[in-house]
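Please read this note with the structure open beside you.

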Amino acid sequence: LNRFDRQTKKFTHYNFINNKIPNPIHSNYISVIRQDHLGNLWMGTSEGVEVLNKERTKFTYYTHSKESNSLSHQNILDICEDRRNYIWIGTRNGLNLLNRQTQKIRRFSTAEGLPDNIISNIVEDREGNLWITTSKGLCRLAVSVVNGNVSFVVRNFSEANKLQGKV
């Protein structure tokens with residue numbers, strides 16, 4: 001990761017070098033970068049999610065572990081902040097929801113109705129629905145939050161709905 005400072009005209013380099021530098025990143029492979037409403041940078045990597053605070057001084061790291069409150073997989077494919085300021089994380093093994101207030105992660109998979117566990121892209125529409133692409137089709141999550149509890153209804157779209165199949 002390279003950050004360019006427009007005032008000093010200099011780059012700051014963040015590299016994975018065996019954790020020998022302060023606040024290192026955990027992987028040099030970054031698949032997605034998103035900026036949240038607070039100005040923090042969220043980076044999906046091959047080893048989890050790195051969050052660089054808006055002051056660009058500290059990283060926070062989320063990854064997969066045996067704990068149920070961790071990411072469902074370390075290989076991150078997409079990140080989306082929704083209108084409720086929840087962070088949705090797509091991985092090679094499911095969808096994850098990070099509640100920043102509680103720092104809790106919930107995992108979702110085909111068991112909750114997703115068409116596949118490989119979550120390629122996540123986009124929010126004007127109504128607050130999440131549209132998710134997977135290797136087995138498209139799905140729409142109608143998300144609702146009641147008393148802090150997130151739930152959703154899934155509608156899957158595939159070749160049966162006139163979507164183009166695999167070529």
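Predicted model: local features only at pLDDT ≥ 70, side-chain atom pairs only at ≥ 80, totals over all residues.

1. Residues are numbered from 1 along each chain as its sequence is written, and side-chain values use heavy atoms, with hydrogens and water left out.

2. Strand β7 covers residues 76–81, and because five of its six residues are buried, it is largely enclosed by the rest of the structure. Here buried means under 20% relative accessible area, exposed means over 50%, and partly exposed lies in between (1.4 Å probe, protein chains only). Strands (E, at least two residues) are DSSP runs, numbered from the N terminus.

3. Strand β7 runs antiparallel to β8 (residues 87–91), and five bridges join them; two strands pair if DSSP finds at least two bridges between them. One of the residues involved is E81, whose bridge partner in β8 is I87.

4. The hairpin of β7 and β8 has five residues between the strands. In that loop lies N85, which has a positive phi of about 70 degrees although it is not a glycine. With a relative accessible area of 32%, N85 is partly exposed.

5. A further residue to check is K9, found in the loop between β1 (2–5) and β2 (10–13). Its phi is near 60 degrees, a positive value in a residue other than glycine, and at 61% relative accessibility K9 counts as exposed.

Definitions and conventions
Helix = DSSP H or I, 4+ residues; strand = E, 2+ residues; numbered from the N terminus.
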